[in-house]
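Please open the structure in your viewer and keep the selection panel to hand.

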Amino acid sequence: MQDCYVSRVGRTAALMARRDPVVYEGGRYARALDAAQVRQYEADGFLILPGVLGADELDGLRAEVAALAGDPALREAEELIREPDSDAVRSIFRVHELGARLAELPRDPRLLDVARQILGSEVYIHQSRVNLKPALDGREFYWHSDFETWHVEDGMPAMRALSCSVLLTDNTPFNGPLMLIPGSHRQFVACVGETPEAHYRQSLRRQEVGVPDPVSLRYLAEQGGLRAVTAPAGSVVFFDCNTLHGSGGNLSPWPRSNVFMVYNSVHNRLVAPFHGMRPRPAHIASRRADEVLTPGRR
């Protein structure tokens, strides 16, 4: 397969125009968003929907996440990622298979049908995780394009995937909210450097390879600006796989948690990782594209 998005093969960074659609099949595959919302997603590379989940739903999800974070067996598993400078939990992967309520969440029509509409097909879960930012010392996630990593390290061929972030707690200016660069999804940033073997063991704690160079980052930010997703718990953010995003540290005295689910089109199945790398583990990059999601309970 020809690699249309070459990255991490030399010492020179580059900006490459996106070759894939942002919204597939004209946004007519499902009917979750109205025309204005579809246009906004296509233009910005993300969409924020407030008030999607109610208080009871959030209470159940938060309780399940807390139980997972405190599970002694899980604390020794590869699915659990710790903060780079402490023993605190940073992320838990494969959460849609670890908790009952978290298993139902990706199939919720309020979320699933948005993904189906934008991606123009049936979808499956490429990756799920909860990102926990402990009070006062939850560390940053540096700027990056998810697609750059999924393409190079997982073998995702095209930009036909999106992330759905469900805010379990209020995201404020003080607790490290998600930040995005509007319009950055239309440019692929080819990154500098070679990828170490089993790079995920380091990058999930602190990513230093596969991040945009300062010149490209500054250019895209000057073109599109920066947007911090400050929104109450229960809000949902959908963002394109190639939208540059990151988050600062949590300096507030309260923890912050968001659930991320990555929907990938069944027509965008993973191939062998580019540049001859070994595939990352299944809890980070699922290769079970036949597990098509249907609305409702699991």
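**The seven-stranded sheet**

Begin by selecting the seven strands that form an open sheet, in the order β2-β11-β7-β13-β5-β4-β3, with antiparallel pairing. At its edges stand β2 (46-49) and β3 (80-82), and each has a single partner strand, so one side of each is left without a neighbour in the sheet. From one strand to the next, the twist averages 15 degrees, where axes are lines fitted to C-alpha atoms, for helices over the stretch in contact, and angles run from 0 to 180 degrees between N-to-C directions. Strands here are DSSP runs of E with at least two residues, numbered from the N terminus, as are helices (H or I, at least four residues), and two strands pair if DSSP finds at least two bridges between them.

A note on what is on screen: this is a predicted model, in which local features need pLDDT of at least 70 and side-chain atom pairs count only at pLDDT 80 or more, while totals for chains, interfaces and linings use all residues. Residues are numbered from 1 along each chain as its sequence is written, and side-chain values use heavy atoms, with hydrogens and water left out.

**Strand β7 and its two partners**

Next, select β7 (residues 161-167) together with β13 (residues 256-265), and follow the seven bridges over which the two strands pair in the antiparallel sense. Within this pairing, Val166 has Val259 of β13 as its bridge partner, and Ser165 has Phe260.

Buried means under 20% relative accessible area, exposed means over 50%, and partly exposed lies in between (1.4 Å probe, protein chains only).

**The four-stranded sheet**

Move on to the open sheet of four strands, whose order is β6-β12-β8-β10 and whose pairing is antiparallel. Its edges are β6 (141-144) and β10 (227-228), each with a single partner strand, so one side of each is left without a neighbour in the sheet. Select β8 (residues 178-180) and β12 (residues 245-247), which run antiparallel and are joined by three bridges; among the paired residues, Met179 has Gly246 of β12 as its bridge partner.

**Salt bridges**

Side chains of opposite charge can pair when their charged atoms come close. A search of the whole structure finds 15 salt bridges, each being a side-chain nitrogen of Lys or Arg within 4 Å of a carboxyl oxygen of Asp or Glu.

Select Glu83 and Arg90, whose side chains meet in a salt bridge at 3.2 Å, N to O. Glu83 is buried, with a relative accessible area of 1%, and Arg90 also counts as buried, at 1% relative accessibility.

Continue to Arg110 and Asp108, which meet in a salt bridge at 2.6 Å, N to O. Arg110 is partly exposed at 35% relative accessible area, whereas Asp108 counts as buried at 13%.

Finally, select Glu291 and Arg288, which form a salt bridge with the closest N and O atoms 3.6 Å apart. Glu291 counts as partly exposed at 39% relative accessibility, and Arg288 is partly exposed at 40%.
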